[in-house]
Amino acid sequence: MPRLPCSLSPVPYFLYPFPCMAPATPSAIACEGISKSYGDVRAVQELALEVPAGAVYGFLGPNGSGKTTTIRMMVNILVPDAGRVLIQGKPAGDHTKDLIGYLPEERGLYLKMKVSELLEFFAELKGVRPAQARQRAQQWLKRMELSDWGEKKLNALSKGMQQKIQFIVAVIADPPILILDEFSSGLDPVNANQLKDILLELRAQGKTILFSTHRMEEAERLCDHVCLIHHGRKVLDGRLADIRAAAGKSTLRVDYRGDRAIFNQTPGVLQADDFGNYAELRLAPESQSPAAVSTILRFLAPRLEITRFELLEPSLNQIFLDAVGGPPAPATSNQQLATSN
Amino acid sequence: MKLLTIIKREFLSRVRTKGFLFFTFGIPVIAAGFLFLEYRIVQASQNVSSNLAVVDLSQQLYPALAQALDTKLDNGEAAFHVHQVAATAATLPAVEAQLRQQVLAKQEDGYLIIPADVLTSHTAQYHARNAAAVAVRESLQAHLREAVTRARMAAAGIPTSQIAGIVSGGFSLNQLKVTKTGDSTDNGETAVVAMVLVFVLYLFLLLYGVVVMKAVTEEKTTRISEVLLAAVDPFALMLGKILGVVATALAQLAVWAATLLLVGVYGVAMARAAGADFTQYVPHLPAWLLVCFVIFFLLGFLLYASLYAAIGAVVSSDQEAQQTQMPLTMVLAAAIYLAFLVMASPSSTLSVALSLFPFFAPVLMVVRVAVSNPPVWQVLLAMALCLATFLGCTKVTAKIYRVGILMTGKRPNLPELLRWLKYA
């Protein structure tokens with residue numbers, strides 16, 4: 001199936017400030033200024049975003065930034081206090097539920113049910129006919145190499161297998177939109193890789209995939225669009241390539257051996273993130289020209305043993321930190337970002 | 001369609017458990033087994049002829065007694081083998097000692113001593129090896145009493161030809177219930193039956209209310225609710241769960257009722273074959289009462305199930321559920337208690353008001369229909385109110401559930417609950 005025209009559009013979708021100017025194909029998901037509070041806690045504040053049809057959309061932010069609340073409003077488990085959510089142009093409601101496959105962050109399955117029966121149940125719940133549901137359950141179990149487990153009860157399955165079943169539950173009804181909340185959490189690398197392949201396959205079929213994660217590098221690998229939120233507010237969104245291009249090549253990566261203290265004394269370097277074997281130096285705007293970079297390298301060369309250097313676009317993590325006001329981000333989220341990097 | 005899917009899952013996942021199969025089929029089998037065993041034991045003891053020695057000091061009762069005791073057992077044998085042992089007041093101790101030896105030697109099963117003044121003394125003595133054989137003693141007593149009565153009548157100068165008619169003419173009191181359509185036979189058993197029906201409802205609610213509650217908490221603890229809610233609207237989910245569990249309960253009830261009916265029909269048929277007519281004890285139930293009972297049973301079950309579901313939606317653990325369901329159990333108990341009040345004066349204003357109140361109606365309206373004749377509109381109104389309350393409760397429960405699952409932790413207080421209703 002060809003990808004839908006919207007994502008191929010040469011003009012980034014966010015350049016259409018009003019819906020009437022947007023291309024004819026409605027966005028898969030559109031949030032129009034949605035807010036949600038729990039008592040005094042303002043979980044999401046006036047969030048506006050559009051997920052183009054056919055996009056792989058990364059919904060990023062530290063833990064507690066409002067990702068899950070936003071997603072729950074998209075799948076109509078929660079109703080926004082203000083604003084509205086549109087699914088394929090229609091207001092989110094019970095009739096839009098069949099359009100979305102949902103993998104929640106907190107997983108849960110009927111442990112006493114047989115695997116195949118559970119899959120058929122969830123498929124039928126999404127409007128798939130019983131005969132077809134049975135067929136799809138077998139296909140997916142085969143695809144996930146779990147065919148031998150169809151007649152077993154779920155509590156006989158390992159954690160990793162249950163994760164895969166949970167994923168099948170989200171995709172079995174073949175919905176045009178997939179929403180995955182922290183889908184890779186708790187997956188071992190082999191399974192994570194298998195699911196990633198399936199996601200790419202689904203994307204090639206023209207499905208819209210939105211996944212939330214607090215792991216920026218995961219989003220960098222998979223997404224063509226991203227939206228970064230922090231404290232319930234949108235920080236920035238758009239095509240990943242556009243965002244990174246706009247940020248410029250402002251980072252110098254240096255693989256080195258020697259005394260790291262020298263980085264902080266280097267002229268033209270705003271900040272140094274040292275990772276032991278290499279360091280990422282953030283360059284001041286006036287120091288990003290090739291000439292300025294060579295000056296910096298000439299300064300470092302006699303003081304360190306440099307094995308490799310590269311001028312980079314900043315990582316998504318760095319862009320995010322810049323956008324929310326640099327390193328003094330809240331302690332918890334900062335820690336999350338640091339560990340995930 | 002989605003509702004059916006949920007009902008199907010709830011139903012099948014419960015019906016297939018070993019516990020359900022055991023309770024549904026095991027208990028009737030075990031109960032029927034016990035009944036059958038007891039029946040066989042009683043029958044075995046009844047089907048043994050008794051060898052009976054009779055010492056008739058009055059010298060006049062034996063012929064009548066021997067004639068009266070000439071009855072047959074179920075298996076066609078004579079119930080008693082009676083023979084007279086001659087004795088006088090002087091020889092009695094020696095004769096009795098000898099009879100005692102014979103009883104102990106199992107030549108006789110027992111001996112009967114009829115005193116000389118039997119017509120005035122009112123007592124006779126029966127000595128038996130097995131004094132606990134109730135059936136033998138009862139039969140003996142009845143026949144002896146009849147023989148004594150006949151003898152007394154004869155002594156009073158009543159002609160023998162008339163005695164038989166006087167003795168066999170029985171008497172019983174028939175009570176009639178006054179209704180608009182005419183008086184119908186009712187010996188009070190409808191009221192008893194109504195109470196039995198109401199207790200069945202009560203027991204089932206207690207038994208299955210907890211199941212409904214667990215069905216709702218189940219997904220909260222296992223965290224399936226998010227996927228479910230992303231697929232169906234909460235009202236359909238709640239309705240599906242309640243209907244699924246109620247269907248399970250009804251399936252169980254149907255098996256039990258069928259067993260009971262079979263045993264009952266079999267029992268009455270057996271009794272009739274044995275010569276005793278029990279059909280008069282089979283309660284006569286007006287069709288209208290049955291219809292009302294069935295409808296109110298369903299409505300009451302659904303209504304209380306939705307309340308238990310609401311508790312399940314609010315609490316986050318089983319222990320909490322135990323505490324929180326107390327008020328509900330008390331409302332149920334109040335309904336049963338009020339049933340006696342309504343039975344005493346079924347048409348008073350208070351009774352009418354109470355029987356229209358949705359939480360009491362399933363019990364009280366059935367009682368009223370059983371013992372009096374409430375206007376049809378009142379019955380229909382009570383049904384409508386029950387149904388509306390059930391749907392309303394389910395709707396509110398669905399809202400609480402929708403918000404509640406996303407906020408685990410401590411149990412919400414009332415203001416928080418009201419705010420949840422607003423969120424959803």
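These notebook entries record what I looked up in the predicted model above.

**Conventions**

I number residues from 1 along each chain as its sequence is written, and chains are lettered from A, with ligands numbered from 1, in the order in which they are written. As this is a predicted model, local features need pLDDT of at least 70 and side-chain atom pairs count only at pLDDT 80 or more, while totals for chains, interfaces and linings use all residues.

**Confidence**

I looked up the overall scores, which are ipTM 0.74 and pTM 0.71. I then turned to pLDDT, the predictor's confidence in each residue, from 0 to 100. Chain A averages 82, with 88% of the residues at 70 or more. For chain B the mean is 80, and 83% of its residues reach 70 or more.

I noted that residues 1–13 of chain A stay under 50, with 28 contacts beyond four places in sequence in the model. I count two residues as in contact if their C-beta atoms, placed from the backbone, lie within 7 Å. Residues 327–341 of chain A are also below 50, and this stretch has 19 contacts beyond near neighbours in sequence. Where pLDDT is low, the predicted coordinates should not be read in detail.

**Sheet of chain A**

I take helices (H or I, at least four residues) and strands (E, at least two) as DSSP runs, numbered from the N terminus. Two strands pair if DSSP finds at least two bridges between them. In chain A I found an open sheet of 4 strands, in the order 2-1-4-5, with antiparallel pairing. Strand 2 (41–51) and strand 5 (90–91) each have a single partner strand, so one side of each is left without a neighbour in the sheet.

I followed strand 1 (residues 29–38) of chain A, which is joined to strand 2 by 7 bridges. On strand 2, A:V44 is the bridge partner of A:K36, and A:R42 is that of A:S37. The hairpin of these strands has 2 residues between them, and A:G39 takes a positive phi near 60 degrees there. Towards strand 4 of chain A, strand 1 has 5 bridges, again antiparallel; A:S35 stands opposite A:A82.

I also checked helix 2 (residues 67–74) of chain A, which packs on the sheet and touches strand 1, strand 2 and strand 4 (82–87). Its direction makes about 120 degrees with that of strand 1; axes are lines fitted to C-alpha atoms, for helices over the stretch in contact, and angles run from 0 to 180 degrees between N-to-C directions.

**Contact of chains A and B**

I found 17 residues from chain B and 23 residues from chain A in the contact. On the side of chain B, helix 1 (2–15) and helix 9 (225–231) are the elements that give two or more residues. Helix 9 of chain B gives the largest share, 5 residues.

I then examined helix 3 (residues 115–125) of chain A against helix 1 of chain B: the angle is about 155 degrees and the axes are 9 Å apart. The two helices are therefore roughly antiparallel, a term for angles over 145 degrees. In this packing, A:F121, A:E124 and A:L125 meet B:K2, B:T5 and B:R9.

Key. Parallel < 35°, antiparallel > 145°, perpendicular 65-115°, else oblique.
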